[in-house]
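Let's take a walk through a protein chain, starting with the big picture and then zooming in on a few side chains. Keep the viewer open while you read.

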Amino acid sequence: MNQPVQKNTLYVGGLAEEVDEKILHAAFVPFGEVKDVKTPLDQSTQKHRSFGFVTFLEREDAAAAMDNMDGAELFGRVLTVNYAFPERIKGGEQGWAAQPIWADADTWFERQQQEEEMQRLQAEQRAAMQVAEKLHREKLAAEREGEKEEEADPMAAAEAQALKESS
């Protein structure tokens with residue numbers, strides 16, 4: 001993963017449930033002016049997911065906080081503090097990427113056209129197979145009818161048998 005790190009934003013992992021954004025701010029403000037604190041919430045429980053982000057105004061403050069707080073204890077839990085990766089947004093060829101969703105619009109249209117062409121070809125192939133199956137069933141039915149007619153005429157069957165034996 002070769003993403004550039006954000007030198008003034010820190011990832012803080014291992015947060016206890018009791019820790020909120022105010023407590024996290026208070027724990028990191030001794031190292032410099034804190035610009036922002038975020039603790040992403042779990043959608044189902046509406047509690048933070050045991051990590052957060054602290055953004056400092058100055059890179060040097062972030063570096064000092066990381067050096068001092070990585071491995072430190074807060075509310076009985078050992079913290080992991082690293083530089084944060086930039087926020088990823090939805091979009092791009094691979095799904096989640098650090099590019100806007102419209103960045104792959106040209107290739108999206110091409111993929112849509114290819115998919116529509118593939119569906120059209122598959123529909124044509126299904127139709128052709130149905131016609132071929134119908135013709136095959138009709139042929140088999142005609143052959144069965146022919147066999148029944150031969151069996152119905154015992155004289156014709158006897159003549160055919162005699163011809164086979166004389167040859």
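What pLDDT does the chain average, and what share of the residues score at least 70? This is a predicted model, and the chain averages a pLDDT of 82, with 79% of the residues scoring at least 70. Confidence is highest in helix H1, at a mean of 94, and lowest in strand S7 (residues 89–90), at 52. Keep those two in mind as you look around.

**The overall layout**

The chain has four helices and eight strands. Reading from the N terminus, they come in the order β-α-β-β-α-β-β-β-β-β-α-α. Of the 167 residues in the chain, 20% are buried. Among contacts with a separation of 6 or more, 57% are between residues 24 or more positions apart. The accessible surface of the chain comes to about 12,600 Å², and carbon and sulfur atoms account for 52% of that.

**Helix H1**

Now find H1, which covers residues 21–28. Its buried residues are Leu24, Ala27 and Phe28. They sit on the same side of H1, because they cover an arc of only 90° around the axis. At the start of H1, look for Asp20: one of its side-chain oxygens reaches to within 3.2 Å of the backbone nitrogen of Lys22.

**A buried threonine**

Next, head to strand S1, where you'll find Thr9. Is Thr9 buried or exposed? Thr9 counts as buried, since its relative accessibility is 9%, below the 20% cut-off. Its side chain makes a polar contact with the side chain of Thr55, at 3.1 Å. Setting aside neighbours within four places in sequence, Thr9 is in contact with Phe53, Val54, Thr55, Asn82, Tyr83 and Ala84.

**Salt bridges**

How many salt bridges does a search of the whole structure find? It finds four.

| Pair | Closest N and O atoms |
|---|---|
| Lys47 and Glu17 | 3.3 Å |
| Asp36 and Lys38 | 3.8 Å |
| Glu124 and Arg120 | 2.4 Å |

Start with Lys47 and Glu17, which form a salt bridge. This pair links distant parts of the chain, 30 residues apart: Lys47 is in the loop between strand S2 (34–38) and strand S3 (51–56), while Glu17 is in the loop between strand S1 (6–13) and H1. Lys47 is partly exposed, with a relative accessible area of 44%, and Glu17 counts as exposed at 59%.

Then there's the salt bridge between Asp36 and Lys38. Asp36 is partly exposed at 31% relative accessibility, and Lys38 is partly exposed too, at 46%.

Finally, look along helix H3 (residues 105–152) for Glu124 and Arg120. Because they are four residues apart in H3, they are separated by about one helical turn. Glu124 is partly exposed, with a relative accessible area of 44%, and Arg120 counts as partly exposed at 39%.

Technical notes:
Residues numbered from 1 in each chain as written. Predicted model: local features only at pLDDT ≥ 70, side-chain atom pairs only at ≥ 80, totals over all residues. Heavy atoms only, no water. Helix = DSSP H or I, 4+ residues; strand = E, 2+ residues; numbered from the N terminus. Buried < 20%, exposed > 50% of the residue type's maximum accessible area, 1.4 Å probe, protein only. Contact = heavy atoms within 4.5 Å. Areas by Shrake-Rupley, 256 points an atom, 1.4 Å probe, with all protein chains shown as cover. Arc of directions from axis to C-beta. Polar contact = N/O pair within 3.5 Å; in protein donor to acceptor, adjacent residues only side chain to side chain. Salt bridge = Lys/Arg side-chain N within 4 Å of Asp/Glu carboxyl O. pLDDT = per-residue confidence, 0-100.
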